[in-house]
Amino acid sequence: MSIKKLGWVLLSIMLVSLLAACGQTQVVEKVETVEVEKVVTVEVEKEVEKIVTVEVEAEAEVPAETEAETAAPAPQTDRSDIRIVVVSHGQASDPFWSVVKNGVDAAATDMGVTVEYQAPQTFDMVAMSQLIDAAVATNPNGLVVSIPDADALGDSIRAAVDAGIPVISMNSGSDVAKELGILNHVGQTEYEAGFGGGQRMAAAGITEAVCVNQEIGNVALDLRCQGFADALAEEGISSEVIAVDLADPIDAQQRVLAALTSNPNVDGILTLGPTGATPTLAALTEEGLLDTIKLATFDLSPEVLEAIRDGQMLFAIDQQQYLQGYLPIVMLTLYNTNLNTVANDVIMTGPGFVTQDNAAQVIDLSAAGTR
């Protein structure tokens, strides 16, 4: 209500009071009071209507302005400009590493990022370090590396970290990743996995064993054999390591047979991957020793899984290599788009154990290239 109108209302009220005091209350009450009440009511209603109208208009305007001012940034949907390079020591043609690459490729598709997978043609640390150096020179948005030999690859990895490139290691290198400045390691701790394998072999009743290593000098594989030997030693069981060439399965088969010939007391064999397990299985089959020698391995392949299902192998230690390829791509994508990090230094993907009880289920998954 305006000041002018309010003044008239007050003046009318004062007039009513004055007339009442002069004895003319009855007439004034019948005429003027009613008019004053009408004036007051009408004026108040008008003012309230104006105020309500203004408030409603303001409420209608504020949300639009507030929404424009406080809206969160739109999520980045096109991530194709994010480029991640993967450098592993294992080739995609290897049964184990083909599953790793399947994980890498699936994550690249799911995240919508560009990923390049590289590996030396053979187990060659000089060539691998050169691949890492070449990747760093292109300044990718992320780098994934396996670390089978920190002494040989450490300088190249540190150069990537110093260049501001986020690095995640996978498969091998859990024991050195943090000191190299790597964000996280995705894989299993190799010594503990080997130790668990030794405990299972001892529980199966073996009395003497060999560990078949297809990459002597690969620290991760050496740690597997060491854990295996230590677990057996705790039970008073001796073991030795024999070296085979992963690129020559015929030679590997002959070396296993030579080891068994030189020590006929061996009744337990642990191989460190399908490239060692397949020729070892062939050697035992050829000599008719599957019933007398217990065989187990690290990692999976169709041949390994079928042998476990059929009772020809005791177990396989599964580190779920599909996850080792998949998770680093997801983590580096989120690091680039949302600065997400994971608190755990090592994201454990193993060890797990595939036995005759669950081999058939894993075979179906392996056929899809994910186990």
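These legends describe close-up views of a predicted model.

**View 1. The whole chain.** The protein chain holds 12 helices and 12 strands. It has 371 residues, and 43% of them are buried. Take the contacts in the chain with a separation of 6 or more. Residues 24 or more positions apart account for 73% of these.

**View 2. An open sheet of 6 strands.** The strand order is β7-β6-β8-β9-β10-β12. Pairing in this sheet is mixed. The edge strands are β7 (238–243) and β12 (352–354), and each pairs on one side only. From one strand to the next, the twist averages 25 degrees.

**View 3. Strands β6 and β8 inside the open sheet.** Both strands belong to the sheet of 6 strands. β6 covers residues 208–213, and β8 covers residues 268–271. The two run parallel, joined by 4 bridges. V212 has T271 in β8 as its bridge partner.

**View 4. Helix α6 across the sheet.** Helix α6 spans residues 190–203. It lies across β8, β9 (294–298), β10 (316–318) and β12. Relative to β9, α6 runs at about 165 degrees.

View 5. β5 covers residues 184–187. Strand β4 (residues 167–171) runs parallel to β5, with 4 bridges joining them. Here S169 stands opposite H185 in β5. Strand β11 (residues 346–348) also pairs with β5 in the parallel sense, over 3 bridges. In that pairing, V186 has I347 of β11 as its bridge partner.

**View 6. Side-chain directions along β5.** In a regular strand, side chains alternate between the two faces of the sheet. In β5, N184 and V186 point one way. H185 and G187 point the other way. All four residues are buried.

**View 7. Helices α10 and α12 packed together.** Two packed helices are described by the angle between their axes and the distance between the axes. The axes of α10 (residues 302–309) and α12 (residues 359–367) come within 9 Å. They cross at roughly 160 degrees. Angles over 145 degrees count as roughly antiparallel, and α10 and α12 are therefore roughly antiparallel to each other. The crossing of α10 past α12 is left-handed.

**View 8. Residues of the α10 and α12 contact.** From α10 come P302, L305, E306, I308 and R309. They meet A359, V362, I363 and S366 in α12. The contact residues divide into 6 nonpolar, 1 polar and 2 charged.

Note on methods. Residues are numbered from 1 along each chain as its sequence is written. This is a predicted model: local features need pLDDT of at least 70, side-chain atom pairs count only at pLDDT 80 or more; totals for chains, interfaces and linings use all residues. Side-chain values use heavy atoms; hydrogens and water are left out. Axes are lines fitted to C-alpha atoms, for helices over the stretch in contact, and angles run from 0 to 180 degrees between N-to-C directions. Angles under 35 degrees count as roughly parallel, over 145 as roughly antiparallel, 65 to 115 as roughly perpendicular and the rest as oblique. A crossing is left-handed if the near helix is turned anticlockwise from the far one by less than a right angle, and right-handed if clockwise. Contact means heavy atoms within 4.5 Å. Ala, Val, Leu, Ile, Met, Phe, Trp, Tyr, Cys and Pro count as nonpolar, Asp, Glu, Lys and Arg as charged, and the others, Gly among them, as polar. Two strands pair if DSSP finds at least two bridges between them. Buried means under 20% relative accessible area, exposed over 50%, partly exposed in between (1.4 Å probe, protein chains only).
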